Amino acid sequence: MHLHLNGKLVPASEAAISPLDRGFLFGDGVYEGLRAVPEPGGGAHVFAMGRHLDRLRASLREVGISFDPAPLVPWTAELLRAEGLTDAFVYWQVTRGTPGPNDPPRSRIPPAGLVPTVMGYCSPQPPLSSFVTPPCRRAVTLEDIRWRRGDIKSTSLMGNILLTMQAAAAGVDDAIFITPGGLVGEGIATNVILAFPDGRIATPAFDSAPILGGITRAILLEAAPEIEQRPVRAGELTDASEVILIGTTTMVTSVIELDGRTVGGGVPGPVARRLLDLLLGTIRRESGLDASA
């Protein structure tokens, strides 16, 4: 396995990052996850790369890390070639960097002149052809114990980890977070969409809960403008005929059981199927693949 570390492609076994790096000591960094798919003539195409770079720039700006993510475009291509992958997940992380020899290692205020640490890797993903119908998951609702800046794609994911462990202990695959005010937020690593028997479709609005501006969410809102962005009450999860999770690797996934209750007859519903078709069509058009492939 290869990593891309500070502009150089290196074997993972030879990669070295200081244990005093602020990403290690504080979780002081941000990250981005990308989805690569095959191109018609061979090679890999990174879907929605521009959108991902824009979101990473926003996270970097919000936390005050000075780094231009433009080089991630060629670096991503180098990573994919080195691993021989076309269907892949690509992960990039940018931390604030490592203090100098005369700087206090654990100062909450970052020393001046830090050079960010930039690391990336890639791993295989199922091909688009495997998404014939939406995948299914069982989930529980859990109180959102995380910080309120869900818009920043921070590497500090302890809240998510604790909630993921709680969901696993309950014997399910995922969780939907509920704010202390009783509003639906997001999943463990996904955005949430609800479909109702009367035909309405809704997703939580950014100003209603600490949620991330998902790239898949943005694409589906453009492809299906009938999706309402609004505060979604926790009680509406019971009213919904479909509960859907969406994300870069999750694609469009149906929650078929929530808090022990069967949702939508225990099978993917028509809205999830349509949204998956819309997403696959968008990916195939952007990558140049035939929509019938």
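This is a predicted model: local features need pLDDT of at least 70, side-chain atom pairs count only at pLDDT 80 or more; totals for chains, interfaces and linings use all residues.

On the side of α2 the contact is made by Arg51, His52 and Arg55, and on the side of α5 by Ile215, Ala218, Ile219 and Glu222. Sorted by class, the residues in this contact of α2 with α5 are three nonpolar, one polar and three charged. Helix α2 covers residues 49-63 and helix α5 covers residues 215-223, and the two pack at an angle of about 125 degrees with their axes 10 Å apart. The two helices α2 and α5 are therefore described as oblique to each other, because an angle that falls between 115 and 145 degrees is neither roughly perpendicular nor roughly antiparallel.

Helix α2 also packs with helix α3, and this second pairing can be read in the same way. The axes of α2 and α3 come within 11 Å and cross at roughly 120 degrees, and α2 and α3 are therefore oblique to each other. Their crossing is right-handed. Here Met49, Leu53 and Leu56 in α2 meet Leu72, Val73 and Thr76 in α3, and the residues of this contact divide into five nonpolar, one polar and no charged.

Helix α3, which spans residues 72-83, also holds Ala82. Is Ala82 buried, partly exposed or exposed? With a relative accessible area of 30%, Ala82 is partly exposed. Once its neighbours within four places in sequence are left aside, Ala82 is in contact with His2 and Leu9. Thr249 stands 167 residues away from Ala82 along the chain, and the C-alpha atoms of these two residues are separated by 21 Å.

Thr203 has its place in strand β11, residues 201-204, and at 1% relative accessibility Thr203 counts as buried. Which residues does Thr203 contact, leaving aside its neighbours within four places in sequence? They are Val192, Ile193, Arg217, Leu221, Ile227, Glu228, Gln229, Arg230 and Val232.

Most residues other than glycine have a negative phi. Ala48, although it is not a glycine, has a positive phi of about 55 degrees, and Ala48 lies in the loop between β4 (44-47) and α2. Asp259 likewise is not a glycine and has a positive phi of about 55 degrees, and its loop is the one between β14 (251-258) and β15 (261-262).

How many disulfides does the structure hold? The structure holds zero disulfides. Cys122 is buried, at a relative accessible area of 4%, while Cys136 is partly exposed, at a relative accessible area of 37%.

Note on methods: Residues are numbered from 1 along each chain as its sequence is written. Side-chain values use heavy atoms; hydrogens and water are left out. Axes are lines fitted to C-alpha atoms, for helices over the stretch in contact, and angles run from 0 to 180 degrees between N-to-C directions. Helices (H or I, at least four residues) and strands (E, at least two) are DSSP runs, numbered from the N terminus. Angles under 35 degrees count as roughly parallel, over 145 as roughly antiparallel, 65 to 115 as roughly perpendicular and the rest as oblique. Contact means heavy atoms within 4.5 Å. Ala, Val, Leu, Ile, Met, Phe, Trp, Tyr, Cys and Pro count as nonpolar, Asp, Glu, Lys and Arg as charged, and the others, Gly among them, as polar. A disulfide is a pair of cysteine sulfur atoms within 2.5 Å. Buried means under 20% relative accessible area, exposed over 50%, partly exposed in between (1.4 Å probe, protein chains only). A crossing is left-handed if the near helix is turned anticlockwise from the far one by less than a right angle, and right-handed if clockwise.
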